[in-house]
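Here is a short report on one protein model. Please look over the sequence and the fold before reading on.

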Amino acid sequence: MDEPRQEELQRLGEYLKLHPLIIEDAVQAHQHPKQERYGDVLAVAVKTLWFVEQTADVETGEVMIILGPSFALTVRHGPDDPTVEAARRFSQEPQMARLGPVGVLHAVTDVIVDAYADAAAQVRTDLTELERSVFSPARDDLTEQIYSLKREVVEFRDAIQPLVPVMQPFATAREDWPRQVVPYFRDVTDHLTRTDTEVRALDDLLTSVLDAHLAKVGTWQNDDMRRISAWAAIFAIPTMVAGIYGMNFSHMPELN
């Protein structure tokens, strides 16, 4: 379902016997990554994320994956739709289809985590370009660009970091899940953890780049002040002579 209205999801929820809190979370969105179990129904909220290259912005959406004994329901908010790619992969791996609703959870989360890795690679490319600009001889003020990218990385980190403890329990054997699915979730969790580590490193590196740029700006200002002080010293003697001879004394040396 794509951004369903309350009444649409309410009717479907009555048919599937969903808990009212699941329906409320799915409609309102803006949830932190989490998993909630209501009886035999599991609800998993995951942030979708993609990188807009034209503006260097990290945009986020949300997908709620609801699993029952014999159904899987996804509720999407935001333009990015991971279920299309998940359905394609699902059709190419018939062994996952035999796992039931849990296979849908794996397919969707696998697509989302792969998108995290792609976005992290694009952010790293932008950061590398910023590093080159910061340490180039050009005297460009890049403070706003660095801070803007850091803000996007913080949004990235807030989307991915809470998902790690959500996915980790899926990588262990569960009584109500087929044992064959555990290696698949272990692979997703491994990719997620690796991307989370990379995003943390990008955040720390951006802080260092910002500090280096501010130090470089301070050096520029000191150089400018030294030049101003040197020219002031050069003009000090002519200014003093002109000031003395401009006082119009009655008896001045060298007037005759």
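Strands β1 and β2 make a hairpin, with two residues between them. In the turn, G39 has a positive phi of about 65°. The model is a predicted one.

The two strands pair in the antiparallel sense, over five bridges. Strand β2 covers residues 41-52. Two of the bridge partners are listed here.

| Residue | Bridge partner in β2 |
|---|---|
| K34 | A45 |
| Q35 | V44 |

**Chain layout**

How many helices and strands does the protein chain have? There are eight helices and four strands. Read from the N terminus on, the order is α-α-β-β-β-β-α-α-α-α-α-α.

The overall dimensions come next. The protein chain has a radius of gyration of 30 Å, whereas a compact globule of 256 residues would have one near 18 Å. Along the principal axes, the C-alpha atoms fill a box of roughly 115 × 40 × 25 Å.

Side chains of opposite charge can pair when their charged atoms come close. Across the whole structure, a search finds 15 salt bridges. One of the 15 salt bridges joins the side chains of R76 and D2, at 3.2 Å from N to O. Why does this pair tie together parts that are apart in sequence? R76 lies in strand β4 and D2 lies in the segment before α1 (6-16), so the pair ties together parts that are 74 residues apart in sequence.

**A nonpolar surface patch**

Which residues form a nonpolar patch on the surface? They are I237, M240, V241 and I244. Together these four have about 360 Å² of accessible area. M240 is found in helix α8, which spans residues 182-245.

Note on methods
Residues numbered from 1 in each chain as written. Predicted model: local features only at pLDDT ≥ 70, side-chain atom pairs only at ≥ 80, totals over all residues. Heavy atoms only, no water. Pairing = 2+ DSSP bridges. Patch = residues over 30% accessible without salt bridge, like charges linked within 9 Å, V, L, I, M, F, W, Y side chains within 5 Å. Areas by Shrake-Rupley, 256 points an atom, 1.4 Å probe, with all protein chains shown as cover. Rg over C-alpha atoms; globule rule 2.2 N^0.38 Å.
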